[in-house]
Amino acid sequence: MSRTIRLAAAQLGPIQRADPRRVVVARLMALLEQAAGRDCDLVVYPELALTTFFPRWYTEDEAEIDAWFESVMPGPETQPLFDLAQRRGIGFSLGYAEKTPEGRHFNTQILVDKTGRIVGRYRKIHLPGHVDFDPERAFQHLEKRYFEPGDLGFPVWRAMGGVMGMLICNDRRWPEAWRMLGLQGVELVMLGYNTPSVNSQKADEGPADRLFHHKLAMQAGAYQNSCWAVAVAKAGDEDGHPLIGGSVIVDPDGKIVAEATTEGDELLVQDIDLDATRFGKATIFDFARHRRIEHYGLITGQTGAVPPPEGDA
Ligand code: CDT
């Protein structure tokens, strides 16, 4: 039986701070309709796909913060997306800001199957940025203020006929995150991102470097774990703050097979054969034969780098 999935990466153009949820959900639904018209099985949306990339804004106003978060999923404004996906028989993966019933805040991505049921939930573990307002930066990146690190580990799920995993944005830069999924046999990693086009602490690092590092991380992660990977941007100029585009689908050999050409709402469609992950997993990246965990203790035993003491030489 073929294990080919028709995958769609639903890149979003900018969402302005004042854009209402209803308008954003209508854009998500338009992309899903396009995907349905092309017989897709699965649509992947970006990180924080329902709002502007709000961690750039500092606020202490609880009501303002609450407005960025979803306390129910699906809720009244997102239910139409779930209904449409179910009617069209398409699965999807959606990033959003989650507020739990206990009042905890996470940067979350869910996987919804073709019947409209939430079958997977991942909460972002590698939160970049800072907690307090930083006057030294050209703009803020307050993920550490608005979210706590994910508490669900790095799960995978059997869904859509394969082994599926999710990572969110900054996670793609951490090989440990990929390897956690690789060690569970992941066949497709779905990732959404909001990556500012410039470095707030290094003015000469612009979009070309940002795109280079983004693709480098995605291609390395897919290759070293012999899995498919899809990375989906929220791109373009949000209230004067540019985000890179560059949504990609990467094959298990680390090659880019589809890539966005705009910074707007754009759908990439690619047939991905999950069995194409098998060769790498059985040869160069057959973990059971080749990994040497007796030498990897530092990876889980130590957080920061500790160089050896300086000697006389
Ligand atoms: N959203 C998110 O995690 N953005 C970060 C910005 C870090 S600066 C390179 C990212 O890793 O893209």
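Which residue takes a positive phi in the hairpin of β12 and β13? The reply is in point 4, after some notes on the basis of the model.

1. Basis. This is a predicted model, in which local features need pLDDT of at least 70 and side-chain atom pairs count only at pLDDT 80 or more, while totals for chains, interfaces and linings use all residues. Residues are numbered from 1 along each chain as its sequence is written. Helices (H or I, at least four residues) and strands (E, at least two) are DSSP runs, numbered from the N terminus.

2. Open sheet. Six strands make up an open sheet with mixed pairing, in the order β5-β4-β3-β2-β1-β14. Its edge strands, each pairing on one side only, are β5 (118-123) and β14 (266-273). On average, neighbouring strands of this sheet are turned by 25 degrees against each other, direction ignored. Axes here are lines fitted to C-alpha atoms, for helices over the stretch in contact, and angles run from 0 to 180 degrees between N-to-C directions. Two strands count as paired if DSSP finds at least two bridges between them.

3. Strand β4 (residues 105-112) runs antiparallel to β5, and five bridges join the two. T108 is the residue that stands opposite R123 in β5. Strands of a sheet pair through backbone hydrogen bonds, either parallel or antiparallel.

4. Hairpin. β12 and strand β13 (residues 256-259) pair in the antiparallel sense over three bridges. V248 stands opposite E259 in β13. The hairpin has five residues between the strands, and G254 is the residue with the positive phi, near 90 degrees.

5. Helix α6, geometry. α6 has 18 residues, and the distance from its first C-alpha to its last is 25 Å, close to the 26 Å expected at 1.5 Å a residue. The expected span is 1.5 Å times one less than the number of residues. After α6 comes S226, with a positive phi near 45 degrees.

6. Helix α6, packing. The buried residues of α6 are H214, A217, M218, G221, A222 and Y223. Buried means that 20 or more other C-beta atoms lie within 10 Å of the residue's own, exposed that 12 or fewer do, and partly exposed in between, with C-beta atoms placed from the backbone. The buried residues of α6 pack against α5 (175-182), β8 (188-193), β9 (228-233) and β12 (248-250). Contact requires C-beta atoms, placed from the backbone, within 7 Å.

7. R210 and L211. R210 lies in helix α6, and L211 is also placed in helix α6 (residues 207-224). R210 counts as partly exposed because it has 19 C-beta neighbours inside 10 Å. L211 is partly exposed because 17 other C-beta atoms lie within 10 Å. Not counting residues up to four places away in sequence, R210 touches T195, S197 and I244, and L211 touches I244 and G246. The C-alpha atoms of R210 and P155, 55 residues apart along the chain, are separated by 28 Å. For L211 and D83, 128 residues apart along the chain, the C-alpha separation is 35 Å.

8. Helix α5. A177, W178, M180, L181 and G182 are the buried residues of α5. These buried residues pack against β6, β7, β8 and α6.

9. Ligand shell. The ligand is surrounded by E47, P128, C169, N170, R173, Y193, N194 and T195. A residue is counted as near a molecule if its C-beta atom, placed from the backbone, lies within 6 Å of it. By class, the shell holds three nonpolar, three polar and two charged residues. In this scheme Ala, Val, Leu, Ile, Met, Phe, Trp, Tyr, Cys and Pro are nonpolar, Asp, Glu, Lys and Arg are charged, and the others, Gly among them, are polar.

10. Backbone points to check. C169, found in the loop between β7 and α5, has a positive phi of about 45 degrees although it is not a glycine. C169 is buried because 27 other C-beta atoms lie within 10 Å. M160, in the loop between β6 (156-159) and β7 (162-168), has a positive phi near 55 degrees and is likewise a residue other than glycine. M160 is buried, since 21 other C-beta atoms lie within 10 Å. The peptide bond from M73 to P74 is cis, with omega near -5 degrees. P74 lies in the loop between α2 (62-68) and α3 (79-88).

Note on methods: Contact = placed C-beta atoms within 7 Å.
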